[in-house]
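My entries follow the structure below.

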Amino acid sequence: MLLVILFLLSIQFSYSENHNNRSLMHNNADLFGWISISCGLIANIPFILYLRVKKISVKKLGGGDSLTRNLALEHSPILNFHIALNLVGFFAGLFHGILLIRGIDFISISLSIVITTITVSGILLRFAKFRVLNQFNRMMHSHVILSVLLVILIILHILIS
Amino acid sequence: MKFLLSKFILLHFLFIIVVSYSNQCFTFVTVFSQEDNKKGFGIQERERARIHTENNSEIVKNDFTGFILIGTIIAIIGVSSYALYKIYIIRRKSNKSKVKK
(Lines give C-alpha, C1' and ligand atoms only; values in the text may rest on other atoms or scores of the structure.)
Protein backbone atom coordinates (compact mmCIF):
# COMPACT_ATOMS: atom_id res chain seq x y z
CA MET A 1 0.00 0.00 0.00
CA LEU A 2 2.79 2.35 1.00
CA LEU A 3 4.62 1.55 -2.24
CA VAL A 4 1.50 2.34 -4.24
CA ILE A 5 1.16 5.70 -2.48
CA LEU A 6 4.81 6.55 -3.05
CA PHE A 7 4.48 5.52 -6.71
CA LEU A 8 1.44 7.77 -7.18
CA LEU A 9 3.19 10.65 -5.46
CA SER A 10 6.28 10.20 -7.62
CA ILE A 11 4.07 10.34 -10.73
CA GLN A 12 2.55 13.57 -9.45
CA PHE A 13 5.88 15.15 -8.68
CA SER A 14 7.32 14.13 -12.04
CA TYR A 15 4.21 15.57 -13.65
CA SER A 16 4.75 18.90 -11.94
CA GLU A 17 8.46 18.90 -12.71
CA ASN A 18 7.86 18.28 -16.43
CA HIS A 19 5.94 21.50 -16.74
CA ASN A 20 8.60 23.97 -15.72
CA ASN A 21 7.42 26.57 -18.19
CA ARG A 22 4.22 27.06 -16.23
CA SER A 23 4.15 29.06 -13.02
CA LEU A 24 4.91 27.42 -9.70
CA MET A 25 1.53 28.47 -8.41
CA HIS A 26 -0.28 26.72 -11.21
CA ASN A 27 1.78 23.53 -10.80
CA ASN A 28 0.97 23.40 -7.11
CA ALA A 29 -2.71 24.02 -7.71
CA ASP A 30 -2.77 21.16 -10.22
CA LEU A 31 -0.80 19.02 -7.81
CA PHE A 32 -3.43 19.54 -5.11
CA GLY A 33 -6.06 18.26 -7.53
CA TRP A 34 -4.05 15.13 -8.31
CA ILE A 35 -3.32 14.57 -4.60
CA SER A 36 -7.04 14.81 -3.92
CA ILE A 37 -7.88 12.25 -6.63
CA SER A 38 -5.10 9.89 -5.50
CA CYS A 39 -6.22 10.10 -1.88
CA GLY A 40 -9.79 9.37 -2.93
CA LEU A 41 -8.74 6.33 -4.97
CA ILE A 42 -6.40 4.94 -2.30
CA ALA A 43 -8.86 5.55 0.53
CA ASN A 44 -12.02 4.29 -1.13
CA ILE A 45 -11.23 1.36 -3.46
CA PRO A 46 -9.59 -0.85 -0.76
CA PHE A 47 -12.30 0.15 1.74
CA ILE A 48 -15.14 -0.81 -0.63
CA LEU A 49 -13.36 -4.09 -1.49
CA TYR A 50 -12.85 -4.83 2.21
CA LEU A 51 -16.55 -4.23 2.96
CA ARG A 52 -17.58 -6.48 0.05
CA VAL A 53 -15.25 -9.28 1.13
CA LYS A 54 -16.46 -8.98 4.73
CA LYS A 55 -20.09 -9.16 3.64
CA ILE A 56 -19.45 -12.19 1.42
CA SER A 57 -17.49 -13.99 4.14
CA VAL A 58 -20.30 -13.44 6.67
CA LYS A 59 -22.81 -14.81 4.14
CA LYS A 60 -20.79 -17.80 2.96
CA LEU A 61 -18.74 -18.77 6.01
CA GLY A 62 -20.84 -17.43 8.85
CA GLY A 63 -19.97 -15.19 11.80
CA GLY A 64 -17.99 -17.83 13.70
CA ASP A 65 -15.34 -18.47 11.08
CA SER A 66 -11.81 -17.29 11.84
CA LEU A 67 -11.55 -15.37 8.54
CA THR A 68 -14.75 -13.47 9.28
CA ARG A 69 -13.59 -12.66 12.80
CA ASN A 70 -10.19 -11.50 11.56
CA LEU A 71 -11.84 -9.28 8.97
CA ALA A 72 -14.12 -7.83 11.64
CA LEU A 73 -11.07 -7.04 13.82
CA GLU A 74 -9.51 -5.09 10.96
CA HIS A 75 -12.54 -2.83 10.63
CA SER A 76 -11.42 -0.06 12.99
CA PRO A 77 -7.92 0.56 11.53
CA ILE A 78 -9.23 0.37 7.97
CA LEU A 79 -12.01 2.82 8.83
CA ASN A 80 -9.47 5.21 10.40
CA PHE A 81 -7.31 4.95 7.30
CA HIS A 82 -10.36 5.64 5.10
CA ILE A 83 -11.35 8.72 7.14
CA ALA A 84 -7.84 10.13 7.39
CA LEU A 85 -6.98 9.83 3.71
CA ASN A 86 -10.36 11.09 2.59
CA LEU A 87 -10.01 14.15 4.83
CA VAL A 88 -6.57 14.84 3.38
CA GLY A 89 -8.05 14.45 -0.10
CA PHE A 90 -10.94 16.75 0.76
CA PHE A 91 -8.66 19.53 2.00
CA ALA A 92 -6.30 19.08 -0.95
CA GLY A 93 -9.33 19.44 -3.26
CA LEU A 94 -10.45 22.49 -1.28
CA PHE A 95 -7.07 24.20 -1.75
CA HIS A 96 -7.11 23.21 -5.43
CA GLY A 97 -10.50 24.88 -5.79
CA ILE A 98 -9.48 28.01 -3.88
CA LEU A 99 -6.27 28.46 -5.88
CA LEU A 100 -8.05 28.06 -9.23
CA ILE A 101 -11.21 29.91 -8.21
CA ARG A 102 -11.03 32.12 -11.31
CA GLY A 103 -11.52 29.14 -13.62
CA ILE A 104 -14.66 27.94 -11.88
CA ASP A 105 -17.37 26.28 -13.96
CA PHE A 106 -20.62 24.39 -13.38
CA ILE A 107 -18.89 21.01 -13.24
CA SER A 108 -16.48 22.23 -10.55
CA ILE A 109 -19.40 23.63 -8.53
CA SER A 110 -21.30 20.34 -8.88
CA LEU A 111 -18.20 18.39 -7.89
CA SER A 112 -17.59 20.55 -4.83
CA ILE A 113 -21.25 20.18 -3.76
CA VAL A 114 -21.12 16.37 -4.06
CA ILE A 115 -17.73 16.04 -2.32
CA THR A 116 -18.81 18.33 0.53
CA THR A 117 -22.10 16.44 0.97
CA ILE A 118 -20.37 13.06 1.12
CA THR A 119 -17.60 14.34 3.44
CA VAL A 120 -19.99 16.06 5.86
CA SER A 121 -22.24 12.99 5.99
CA GLY A 122 -19.15 10.82 6.61
CA ILE A 123 -17.90 13.05 9.45
CA LEU A 124 -21.34 13.11 11.04
CA LEU A 125 -21.65 9.34 10.59
CA ARG A 126 -18.40 8.88 12.51
CA PHE A 127 -19.00 11.36 15.31
CA ALA A 128 -22.76 11.93 15.70
CA LYS A 129 -24.47 10.08 18.54
CA PHE A 130 -28.14 10.29 17.51
CA ARG A 131 -29.56 7.11 15.98
CA VAL A 132 -31.80 8.78 13.40
CA LEU A 133 -29.01 11.09 12.26
CA ASN A 134 -26.68 8.10 11.95
CA GLN A 135 -29.23 6.21 9.83
CA PHE A 136 -29.70 9.24 7.60
CA ASN A 137 -25.97 9.80 7.18
CA ARG A 138 -25.34 6.11 6.51
CA MET A 139 -27.85 6.17 3.67
CA MET A 140 -26.48 9.43 2.28
CA HIS A 141 -22.84 8.40 2.58
CA SER A 142 -23.20 4.96 1.00
CA HIS A 143 -25.79 5.72 -1.66
CA VAL A 144 -24.82 4.42 -5.08
CA ILE A 145 -26.27 7.43 -6.96
CA LEU A 146 -23.98 9.88 -5.17
CA SER A 147 -20.95 7.62 -5.69
CA VAL A 148 -21.65 7.24 -9.42
CA LEU A 149 -22.29 10.98 -9.71
CA LEU A 150 -18.98 11.72 -7.97
CA VAL A 151 -17.02 9.46 -10.34
CA ILE A 152 -18.73 10.94 -13.43
CA LEU A 153 -18.08 14.51 -12.23
CA ILE A 154 -14.41 13.79 -11.50
CA ILE A 155 -13.94 12.32 -15.00
CA LEU A 156 -15.71 15.31 -16.60
CA HIS A 157 -13.68 17.75 -14.48
CA ILE A 158 -10.41 16.14 -15.62
CA LEU A 159 -11.51 16.02 -19.27
CA ILE A 160 -12.77 19.61 -19.43
CA SER A 161 -10.08 21.40 -17.41
CA MET B 1 0.89 -1.48 13.79
CA LYS B 2 -1.60 -1.00 10.96
CA PHE B 3 -3.05 2.06 12.65
CA LEU B 4 0.46 3.44 13.00
CA LEU B 5 0.98 2.87 9.28
CA SER B 6 -2.18 4.83 8.48
CA LYS B 7 -1.01 7.59 10.83
CA PHE B 8 2.33 7.65 9.05
CA ILE B 9 0.63 7.93 5.66
CA LEU B 10 -1.61 10.70 6.96
CA LEU B 11 1.38 12.62 8.30
CA HIS B 12 3.19 12.07 5.02
CA PHE B 13 0.34 13.59 3.04
CA LEU B 14 -0.11 16.43 5.52
CA PHE B 15 3.58 17.21 5.25
CA ILE B 16 3.32 17.37 1.43
CA ILE B 17 0.28 19.64 1.63
CA VAL B 18 1.88 21.94 4.21
CA VAL B 19 5.10 22.19 2.19
CA SER B 20 3.21 22.84 -1.04
CA TYR B 21 0.97 25.40 0.60
CA SER B 22 3.81 27.27 2.29
CA ASN B 23 5.55 27.29 -1.08
CA GLN B 24 2.38 28.77 -2.52
CA CYS B 25 2.27 31.54 0.11
CA PHE B 26 5.93 32.29 -0.51
CA THR B 27 5.22 32.65 -4.24
CA PHE B 28 2.33 34.97 -3.48
CA VAL B 29 4.49 37.20 -1.30
CA THR B 30 7.32 37.22 -3.87
CA VAL B 31 5.04 37.99 -6.79
CA PHE B 32 2.96 40.69 -5.15
CA SER B 33 5.90 42.46 -3.59
CA GLN B 34 7.31 43.15 -7.08
CA GLU B 35 6.57 46.19 -9.22
CA ASP B 36 3.52 46.17 -11.50
CA ASN B 37 5.44 45.57 -14.72
CA LYS B 38 7.17 42.54 -13.22
CA LYS B 39 4.05 40.79 -12.04
CA GLY B 40 4.38 37.92 -14.47
CA PHE B 41 2.22 35.69 -12.40
CA GLY B 42 -0.70 38.10 -12.48
CA ILE B 43 -0.58 38.46 -16.27
CA GLN B 44 -0.10 34.75 -16.80
CA GLU B 45 -2.94 33.85 -14.48
CA ARG B 46 -5.26 36.44 -16.01
CA GLU B 47 -4.49 35.07 -19.48
CA ARG B 48 -5.12 31.54 -18.31
CA ALA B 49 -8.39 32.53 -16.67
CA ARG B 50 -9.44 34.29 -19.91
CA ILE B 51 -8.70 31.16 -21.99
CA HIS B 52 -10.48 29.02 -19.43
CA THR B 53 -13.52 31.30 -19.51
CA GLU B 54 -13.56 31.20 -23.31
CA ASN B 55 -13.39 27.42 -23.33
CA ASN B 56 -16.05 27.21 -20.69
CA SER B 57 -18.35 29.66 -22.40
CA GLU B 58 -18.38 27.33 -25.41
CA ILE B 59 -19.40 24.49 -23.17
CA VAL B 60 -21.95 26.58 -21.30
CA LYS B 61 -23.49 27.55 -24.63
CA ASN B 62 -24.49 23.93 -25.08
CA ASP B 63 -26.34 24.06 -21.75
CA PHE B 64 -24.54 20.84 -20.93
CA THR B 65 -22.83 21.82 -17.72
CA GLY B 66 -25.84 23.81 -16.50
CA PHE B 67 -27.90 20.66 -16.66
CA ILE B 68 -25.20 18.80 -14.73
CA LEU B 69 -25.43 21.33 -11.88
CA ILE B 70 -29.22 21.09 -11.82
CA GLY B 71 -29.00 17.28 -12.00
CA THR B 72 -26.54 17.22 -9.11
CA ILE B 73 -28.78 19.35 -6.89
CA ILE B 74 -31.81 17.21 -7.80
CA ALA B 75 -29.83 14.01 -7.08
CA ILE B 76 -28.74 15.25 -3.63
CA ILE B 77 -32.24 16.41 -2.71
CA GLY B 78 -33.66 13.12 -4.05
CA VAL B 79 -31.22 10.94 -2.11
CA SER B 80 -31.76 12.87 1.13
CA SER B 81 -35.56 12.70 0.68
CA TYR B 82 -35.33 8.96 0.01
CA ALA B 83 -33.19 8.50 3.14
CA LEU B 84 -35.69 10.45 5.26
CA TYR B 85 -38.56 8.41 3.80
CA LYS B 86 -36.77 5.13 4.57
CA ILE B 87 -36.11 6.26 8.15
CA TYR B 88 -39.77 7.20 8.50
CA ILE B 89 -40.81 3.72 7.24
CA ILE B 90 -38.38 1.96 9.61
CA ARG B 91 -39.56 4.00 12.59
CA ARG B 92 -43.22 3.42 11.75
CA LYS B 93 -42.62 -0.34 11.52
CA SER B 94 -40.80 -0.44 14.84
CA ASN B 95 -43.55 1.61 16.50
CA LYS B 96 -46.19 -0.79 15.14
CA SER B 97 -44.31 -3.84 16.41
CA LYS B 98 -43.96 -2.19 19.85
CA VAL B 99 -47.74 -1.59 20.00
CA LYS B 100 -48.44 -5.26 19.05
CA LYS B 101 -46.26 -6.51 21.91
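I located Arg92(B) in helix H3 of chain B, residues 64–100; helices (H or I, at least four residues) and strands (E, at least two) are DSSP runs numbered from the N terminus. I worked with a predicted model, in which local features need pLDDT of at least 70 and side-chain atom pairs count only at pLDDT 80 or more, while totals for chains, interfaces and linings use all residues. Residues are numbered from 1 along each chain as its sequence is written, chains are lettered from A and ligands numbered from 1 in the order in which they are written, and side-chain values use heavy atoms, with hydrogens and water left out.

I noted that Arg92(B) is partly exposed at 41% relative accessible area (buried is under 20%, exposed over 50%, partly exposed in between; 1.4 Å probe, protein chains only). Arg92(B) belongs to a positively charged surface patch with Lys86(B), Lys93(B), Lys96(B) and Lys100(B). Patch residues have over 30% relative accessible area and no salt bridge; like charges are joined within 9 Å, and nonpolar side chains (Val, Leu, Ile, Met, Phe, Trp, Tyr) within 5 Å. A salt bridge is a side-chain nitrogen of Lys or Arg within 4 Å of a carboxyl oxygen of Asp or Glu. Lys and Arg count as positive, Asp and Glu as negative, and His and the chain ends are not counted; each charge is placed at NZ of Lys, CZ of Arg, CG of Asp or CD of Glu.

For chain B as a whole, I recorded three helices and zero strands. Of its 101 residues, 27% are buried. Its accessible surface is about 7,500 Å², with 67% belonging to carbon and sulfur atoms (Shrake-Rupley method, 1.4 Å probe; for residues, only the protein chains shown count as cover).

Which residues touch the most other members of the largest nonpolar core? I found Val114(A), Leu146(A) and Leu153(A), in a core of 18 residues. Such a core joins buried Ala, Val, Leu, Ile, Met, Phe, Trp, Tyr and Cys residues through side-chain atoms within 4.5 Å. At least two core residues each come from H5 (106–127), H6 (131–141) and H7 (144–160) of chain A and from H3 of chain B. H3(B) gives the largest share, six residues.

I then turned to the surface of chain A. Val120(A), Leu124(A), Phe130(A) and Leu133(A) form a nonpolar patch of about 350 Å². Phe130(A) sits in the loop between H5 and H6 of chain A and is exposed, at 61% relative accessibility.
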